[in-house]
Amino acid sequence: MMARGRKPDPEVDARIRRAAVELLVGKGPSFTMDEVAAAAGVGRASVFRRYATKRDMLLDALRAAMDAQVTAVPDTGSLEGDLRVIVTETLAAWNSPAIAERTRETFGEAGRDPAVGEILRTSMRDRMSRSWAIYDRAVARGELSADADLWLLSDMFVGLVVYRGLIDVPQPDPSGVVRALLHGFAR
């Protein structure tokens with residue numbers, strides 16, 4: 001027996017997802033299903049056929065937005081140079097008022113919705129592990145100890161940036177961050 005109705009159109013799926021991501025980035029999690037339908041150029045029913053609830057759409061858009069933010073892994077020839085590229089790019093995002101505001105809203109949503117928190121945790125860990133090549137190269141060059149706690153090194157930077165971003169304190173200079181990560185504060 002054949003299913004009733006038409007098969008979902010992949011182009012419409014893509015337009016709806018793209019509209020949801022753009023609204024999430026531009027407006028934050030307060031966008032509506034009707035706004036997504038209008039931005040995608042489809043009817044409300046098309047959106048509701050794909051997402052039973054706004055929360056389902058928000059979670060899907062958040063996953064897509066987090067995946068889209070992954071940048072290329074630098075290879076400058078040194079750990080210091082690679083970290084400087086990563087730190088500079090990350091701080092530039094937080095120094096954008098619109099991106100900082102959206103990120104604060106998303107972290108706030110994570111406090112209310114465990115699924116949003118899980119997406120943030122997973123995406124951030126995946127992003128950091130994709131950058132692991134810089135550590136592997138640094139170990140091979142003798143710039144980093146083979147038994148270094150690489151999660152701690154990564155978390156020290158990410159934690160600092162997210163903390164300052166969430167409480168809206170100016171971000172530090174990239175060179176100072178890299179220097180502190182690699183050499184600490186002792187003489």
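Colleague: Which residues do ring pairs link into a cluster?

Modeller: Trp132, Tyr135 and Trp151. Before we go on, this is a predicted model, so local features need pLDDT of at least 70 and side-chain atom pairs count only at pLDDT 80 or more, while totals for chains, interfaces and linings use all residues. Residues are numbered from 1 along each chain as its sequence is written, and side-chain values use heavy atoms, with hydrogens and water left out.

Colleague: How many aromatic pairs does a search of the whole structure find?

Modeller: It finds 2. Rings of Phe, Tyr and Trp (its six-membered ring) pair if their centres lie within 6.5 Å; planes under 30 degrees apart are stacked, over 60 edge-to-face, and the rest tilted. Tryptophan 132 and tyrosine 135 have ring centres 5.1 Å apart and planes at 85 degrees, so that pair is edge-to-face. Tryptophan 132 also pairs with tryptophan 151, and that one is tilted, at 4.7 Å centre to centre with 45 degrees between the planes.

Colleague: Where do tryptophan 132 and tryptophan 151 sit in the chain?

Modeller: Tryptophan 132 is in helix H8 and tryptophan 151 is in helix H9 (residues 150–166), so to speak distant parts of the chain, 19 residues apart. Helices here are DSSP runs (H or I, at least four residues; strands are E, at least two), numbered from the N terminus. Tyrosine 135 is 3 residues from tryptophan 132 in H8 (residues 132–141), about one helical turn.

Colleague: Are those residues buried or exposed?

Modeller: Tryptophan 132 and tyrosine 135 are both buried, whereas tryptophan 151 counts as partly exposed at 32% relative accessibility. Buried means under 20% relative accessible area, exposed over 50%, and partly exposed in between (1.4 Å probe, protein chains only).

Colleague: What does serine 154 touch?

Modeller: Met128, Trp132 and Tyr135, not counting residues up to four places away in sequence. Contact means heavy atoms within 4.5 Å. Serine 154 lies in H9 and is buried, at 7% relative accessibility.

Colleague: Back to H8, then. Which of its residues are buried?

Modeller: Trp132, Ile134, Tyr135 and Ala138. Seen down the axis of H8, they fall within an arc of 155 degrees (taken from the directions from the helix axis to the C-beta atoms), so they line one face of the helix. They pack against helix H5 (79–94), H7 and H9. Glycine 142 follows H8, and its phi is positive, near 85 degrees.

Colleague: Which residue has a positive phi although it is not a glycine?

Modeller: Aspartate 168, with a phi of about 60 degrees. Aspartate 168 lies in the loop between H9 and helix H10 (174–183), and counts as exposed at 58% relative accessibility.

Colleague: Changing topic: which residues have the most contacts inside the largest nonpolar core?

Modeller: Ile16, Leu24, Phe31, Val36, Val42, Val47 and Met57, in a core of 27 residues. A nonpolar core is a set of buried Ala, Val, Leu, Ile, Met, Phe, Trp, Tyr and Cys residues joined through side-chain atoms within 4.5 Å. Helix H1 (10–27), helix H2 (33–40), H4 and helix H7 (114–130) each give two or more residues to this core, and H4 gives the largest share, 8 residues.

Colleague: And what is valine 47 in contact with?

Modeller: Leaving aside neighbours within four places in sequence, valine 47 is in contact with Ile16, Met33, Val36, Ala37, Val42 and Met57. Another core, of 22 residues, lies apart from this one, with Leu83, Ala100, Val162 and Val177 among them.

Colleague: What sits over the ring of phenylalanine 31?

Modeller: The charged end of lysine 54, 5.2 Å from the ring centre. The cut-offs for that are NZ of Lys or CZ of Arg within 6 Å of the ring centre and within 35 degrees of the ring normal.

Colleague: What about aspartate 60, where is that?

Modeller: In helix H4 (residues 54–68). Aspartate 60 is buried, with a relative accessible area of 14%, and is in contact with Arg17 and Tyr51, leaving aside neighbours within four places in sequence.

Colleague: Last one: which residues does UniProt list for "DNA-binding region"?

Modeller: Residues 32–51, from an unreviewed entry. UniProt annotations may be inferred rather than shown by experiment; positions are in the numbering used here and feature names are shortened. In the model, that span is 75% helix and 0% strand, with its end C-alpha atoms 12 Å apart.
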